[in-house]
Every structure is written in C-alpha cells, then in structure tokens.
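Open the model in your viewer and keep the selection tool at hand. The tour goes stop by stop.

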Amino acid sequence: MLALFLRPRAAFEELSESRPLAKAVFFRLVIWMALLPPLFAFIGSSLFGWRLGAGDPIFIPTDTLIAVCASYFVALLIGFISSAMVAQWMAGTYGARLSLGIHLALITVVAAPLVVGSVIHIFPHVFLNLIVLVPALIWSMYLLYAGLPVVLRISAERGMLMASALIGYLLVAAVSLLGITVFLWIQGIGPRVGV
C-alpha cells in the first residue's frame, strides 16, 4: 500500500510481472477492501450521525443503517467485479492482457486510495468527506492512467484511451446508481431518517 504512494511505478511493474488468479484476488483483497468503507460508515453513522452542514446530526435507525451499509458493501463488490470485467472486455480492442485476474488486481490497486480515504466515514460530515475523498479519487485516477499501460503491457497512448474509456464506464455506473437510489427512495424504499 505504501508503495502506491511513494513509488507507484515500481508497484505497477511488480504487478505487471505477476499472474494473479481472479479468485485469489477476490477472496484475499477485494472482499476486505469492499468491507472497510461500509464498516467505517456504520461506525460513524451510529456514533455521530451524519452532518449535512452546521445543523444537528441526522441519525438513522440501526436496522436501517445495517441495510444501507450492507447495500453499500454489495454495490462496492459489484463495482469491483464489473469494472474488472469491463476492463477485460476492452482489453481485446487495445491489445492488452486478457486475464481477468490481472484486471481485477489492477482495479483493486487503483481503488486503494479511495478505500484508505474512506476512513473519513468514521466522522460522517459531508464537507469533510468531500475534502478527503476528492483528492483520493484524483490519486486513484492518476494510478489508473499511470498503471494501466504498465500492468497490461500496452503503449502509453493505448493505455490513455483505455483508461479514459474505463472512466467513462465508471461515471455512467455512478450516475446510474444515483438514479436507482433516487427512484427507490421516491417509491418509499429507503431509510426513514430520525433525529
């Protein structure tokens, strides 16, 4: 993890030489990395409540909070797996490595700054979460652009195109998730917020 912040190029070159199995990456890393943000969110939301500004914190009932955090965990797992599968699907177009294991490992490494930054969920204030998670997102995007061509053994130009296409997919997925969430809340499926 520290190598991603101090010498990311060396970390990507090391990953490039490996042949990870998708099952091993999923069970050794992905599940645990996807578990941390919902766990931090549960701890922070139950202890401190969400703050949307200068007002009083908003507390969500425990049973609803468990359901929201479980949904968060499932959404993260789907995000990891679908991103790796989309990257693998794109790999044929860009002449990259086709192994699902290497794509899942790459997505896991790229997501690491966001997982580390999610520790801010322990103090769930929207503004503070943005201050921490936006730079973490920028670092993750940097890692994607810098690491994708190295790990998948393609040219920098093709790597930039593939990384941009992958970011396009991730943006569409994020907006779709927001739309689904809004639709479900309008239909009455969502947390009942109590103060």
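Start with S46, which counts as partly exposed because its relative accessibility is 35%, between the 20% limit for buried and the 50% limit for exposed. Keep in mind that this is a predicted model.

**Stop 1: around S46**

Colour helix α3, residues 22-47; S46 sits in it. Now show the S46 side chain. Which backbone oxygens does the side chain of S46 reach? One is the backbone oxygen of F42, at 2.8 Å. Another is that of I43, at 3.2 Å.

Next, look beyond the sequence neighbours. With those within four places set aside, S46 is in contact with F59 and L65. Select both and view them together with S46.

Then draw a distance from S46 to F26. The two are 20 residues apart in sequence. In space, their C-alpha atoms are 29 Å apart.

**Stop 2**

The structure holds three aromatic pairs. One of them is W139 with Y142, a tilted pair. The ring centres are 5.0 Å apart, and the planes make an angle of 35 degrees. The pair counts as tilted because its angle of 35 degrees falls between the 30-degree limit for stacked and the 60-degree limit for edge-to-face.

**Stop 3**

Move on to R153. It is found in the loop between α6 and α7, the latter spanning 156-186. Most residues other than glycine have a negative phi. R153 is partly exposed, with a relative accessible area of 43%.

**Stop 4: α6 against α7**

Show both helices. How do α6 and α7 pack? Their axes are 8 Å apart, at an angle of about 130 degrees. That angle makes α6 oblique to α7. The crossing of α6 past α7 is right-handed.

Finish with the side chains at this contact:

- On α6, select M141, L144, Y145, L148, P149 and L152.
- On α7, select A156, G159, M160, M162, A163, S164, L166 and I167.

Together, these residues make the contact between α6 and α7.

Key. Residues are numbered from 1 along each chain as its sequence is written. This is a predicted model: local features need pLDDT of at least 70, side-chain atom pairs count only at pLDDT 80 or more; totals for chains, interfaces and linings use all residues. Side-chain values use heavy atoms; hydrogens and water are left out. Rings of Phe, Tyr and Trp (its six-membered ring) pair if their centres lie within 6.5 Å; planes under 30 degrees apart count as stacked, over 60 as edge-to-face and the rest as tilted. Helices (H or I, at least four residues) and strands (E, at least two) are DSSP runs, numbered from the N terminus. Buried means under 20% relative accessible area, exposed over 50%, partly exposed in between (1.4 Å probe, protein chains only). Contact means heavy atoms within 4.5 Å. A polar contact is a pair of N or O atoms within 3.5 Å; within protein, one must be able to donate a hydrogen and the other to accept it, and residues adjacent in sequence count only if both atoms are side-chain atoms. Axes are lines fitted to C-alpha atoms, for helices over the stretch in contact, and angles run from 0 to 180 degrees between N-to-C directions. Angles under 35 degrees count as roughly parallel, over 145 as roughly antiparallel, 65 to 115 as roughly perpendicular and the rest as oblique. A crossing is left-handed if the near helix is turned anticlockwise from the far one by less than a right angle, and right-handed if clockwise.
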